[in-house]
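This report concerns the pairing of charged side chains. The sequence and the model are shown below.

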Amino acid sequence: MAVDSSIKLSPDTLKTDSLRKNSTKGKIEVEVKATAEDSTVYDRKNNILYLYGKARVTYGEQQIDAGFIKFNQKDNTIFAKGKIDSLGRFSGLPIFKDPKEGTLIADSVYYNFKTSRGKIYQVYTEQEGGYITGGKIKKQANDEVHLKNVVYSTCNLPAGHQHFGIVITKGIATKNQIITGPAFLEVEGVRIPLPIPFGFFPKPNKRASGIILPSVREDPTLGFALTDFGYYIGLNDFWDLTLKGSVYSKGSYEMNAASRYTKRYKYSGNLFLAYSSRKFGVEGTPGYDNPTKDFQIRWSHQQNPNAHPGTTFSASVNASTRGAFRNLPGYNYQQIVQNQLNSSIAYSKTWANTPFNLSTSIRHNQDLTSGTVSLGLPSLNFSMTTINPFDQKDRVGEQKWYQRIAVGYNLKADNELNTFDSLLFKPQTLNKIRSGIQHSIPISMSSKIFKYFQFSQSLNYNENWYFQTIRKHYVVTPTPTGTKNSVALDTVQGFRRAADYSISGSLSTKIYGQVNFKKGKLVAVRHVFTPNIGFSYRPDFGKPSFGYYDSVQVDQYGKKQAYSIFEGSLYGGPSNGRSAAMNFGLENNIEIKVKSDKDTTNNGIKKIPILQGLSINGSYNFVADSLKLSQLSFSGRTFFTEKLGISFYGNLDPYVFYKELNNGQIQGRNINRYRWQDGKFPRLTNLGFSFDYSLNSNSLGKNNASNNPPTGQNNPDLFTRLNAQQRDQLQQINRDANAFVDFSIPWNLSFYYNFNYSNSGLVKSVIQTLNANGDFSLTPKWKVQFNSGYDFQNHKISLTSFSIYRDLHCWDMSIRWIPFGPFQSYSIDLKVKAPILQDLKLSKRREYYNQF
């Protein structure tokens, strides 16, 4: 039997949204609802309500559910407890909900709604990332909570398992902190007999600044260390800063700063700066007296597309010294083996209802192996999308031929510096900056002729502006044994323009063929053949009348050689020599149609591609003096199954390759004779193919599937919609994606194979590699990951690593191991998951620079 009892009381101290004020009595009324599923007994004499079976009392915004509730309506007190069912099981524990205090579960609750005082036994409640269980709690009217014999833990289970807990014999919990008297540490339910005289646990409801405690460890190379100590600064709810450092007993040190920021619906990003000075060896050796110094900067910024429609700003900066990933803390093994770093800071703007857009960027490319650095400081691009200037907006009917004429425009301005990282900040390096402005105007027209042919024509005009050119001259330098002849280069300052143009036309069509079958699952085979032929013409811009080329003596006999005065410039100069070339190409696509019971969208017919984009292309230059036919290039992709395909490419040289001995060295060159004139097939100069495949237990054979966790880097709105705990977890994944382990997928496997063959005529080479990575769950709580590869040509195994993860509920354990190679190392970490105790961890590691 369910009974709903609604009573109106008049407490003086309560204020809720549903209160109503009585103008005559000056009292506040609050509605109280009491329900029970089994039965309700009302003691009219004492004004007490007894509720049995899924009982609930709602007092304004406060609510309590329990198996049994005794509600004294006279003094507004309530007593709730669970009950024992017919099988002897204890159920219906009291659940108390208060918008101000949150939710708690207990064995029994005594509470006064009017005074907000009460007693709670064997409690379970969450307190800002921590959990209070057991013991006795006394709630006071001033929102203070007195604690006795409770356990404060990071485990969210009522009976903590494998947890680290603190037994609080006596304590006081307020809105912002928990202050305790004598307390004991408890691990796995075993109390450590070493009391803590008092304790202080913050309960921040917003970001708070504080000290980051260090970890103590020993490094065989650098000595004893205090690592990762520092200070966290919660600047506000949208911006924070973490400062960390490490010191070693042998004189090395490290420091870094990490900042995160976000503005809801506007932007988000993070910034990381790091510097280290490491001394290797012993005092008096070069490695100790000349420490290795490294720095690194990473900056990521994303703008919400809806923040400023038509305008975007983004940043992805990753720059460092060559050894930063090896010597700075926080590296991962993928970073160690990478040899390319790229950065870009970009701004773009598009004007609505116009064809114009503007973009500018600062870029950085760095090769960690060679030490070369390329900087774009900055680059600007202004363009106009293609328009039809002779067309009319209110045109009726088809376009006339002149209305199909399309014109575009693009302006590009660059400043580029190419140097080495060791010379980057030298004053003389600035003299090597190359600058230029490029204008491009494409004019095109396309039309259909003879119903089935597409005919396109185009005129391309390019003009480059430079602020310096070069001049070469012949120099004879006296030496003790005679003279030395050389060619010197001078840089001439001043504005020069270099213009070139070309015209082209092309004709293409599509030919369809299909063979139908009446029996079996095979319905049809369809072939699409796309031939194209074109013609292009470019004048000889090496003529003296253009002024783009000059000549210089190159030997003592007066031999002269032409050179471009724009040699080495940003965009280069117009080409030397006339070109009148015919371009040709063939493309093939083959697919089959089969009957499929699973495919109901197309009358049970499923299309399967067999061969896609099989093409061969080349050109023939009618005005070249020799070697008029270019190399023939081919490419395509074929499929063995719906999920596994191979991409291939290559080049064929039609000319005979002639070898000769010159000054004791074998040299070679193409001669003007086709190989088929000698009954031979064109020479294969390059051939490559590759394929990748990934599968897991949930979706077998899903190619190119991504199992990466959502980091929010490409979705700023995602970050703003998360609560504080979720944001902290997401930031941890952003800082170290390898720490994210998905236990929901029992196994996952991915591999990539690459093959490349090249033949220059003198030297042949083969590159053949296989890379694989995956993971599998031994049990629902154990996960093993691996990453490896093999170089078949050099017979070497690439960087191989294994990781083992164990989910311990409120703890986790990770083991990472590189068993062999130059980065041989291992690490074992056991830590608490809760952010409030993130410094509580046990680590053992051996870095790659500490040889076993």
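How many salt bridges does a search of the whole structure find? The search finds 16 salt bridges. The structure is a predicted model.

## K54 and E37

K54 and E37 form a salt bridge through their side chains, with an N to O distance of 3.9 Å. The pair links distant parts of the chain, 17 residues apart. K54 belongs to strand 5 (residues 48-59), whereas E37 lies in the loop between strand 3 (28-36) and strand 4 (39-43).

The relative accessible area of K54 is 63%, so this residue is exposed. E37 is partly exposed, with a relative accessible area of 45%.

## E463 and R497

A salt bridge also joins E463 to R497, and the closest N and O atoms are 3.0 Å apart. Because E463 lies in strand 34 (residues 453-479) and R497 in strand 35 (residues 482-508), the pair ties together parts that are 34 residues apart in sequence.

With a relative accessible area of 12%, E463 is buried. R497 is partly exposed, at a relative accessible area of 38%.

## K783 and D775

The side chains of K783 and D775 meet in a salt bridge at 3.2 Å, N to O. Are these two residues buried or exposed? Both K783 and D775 are buried.

Definitions and conventions
Residues are numbered from 1 along each chain as its sequence is written. This is a predicted model: local features need pLDDT of at least 70, side-chain atom pairs count only at pLDDT 80 or more; totals for chains, interfaces and linings use all residues. Side-chain values use heavy atoms; hydrogens and water are left out. A salt bridge is a side-chain nitrogen of Lys or Arg within 4 Å of a carboxyl oxygen of Asp or Glu. Helices (H or I, at least four residues) and strands (E, at least two) are DSSP runs, numbered from the N terminus. Buried means under 20% relative accessible area, exposed over 50%, partly exposed in between (1.4 Å probe, protein chains only).
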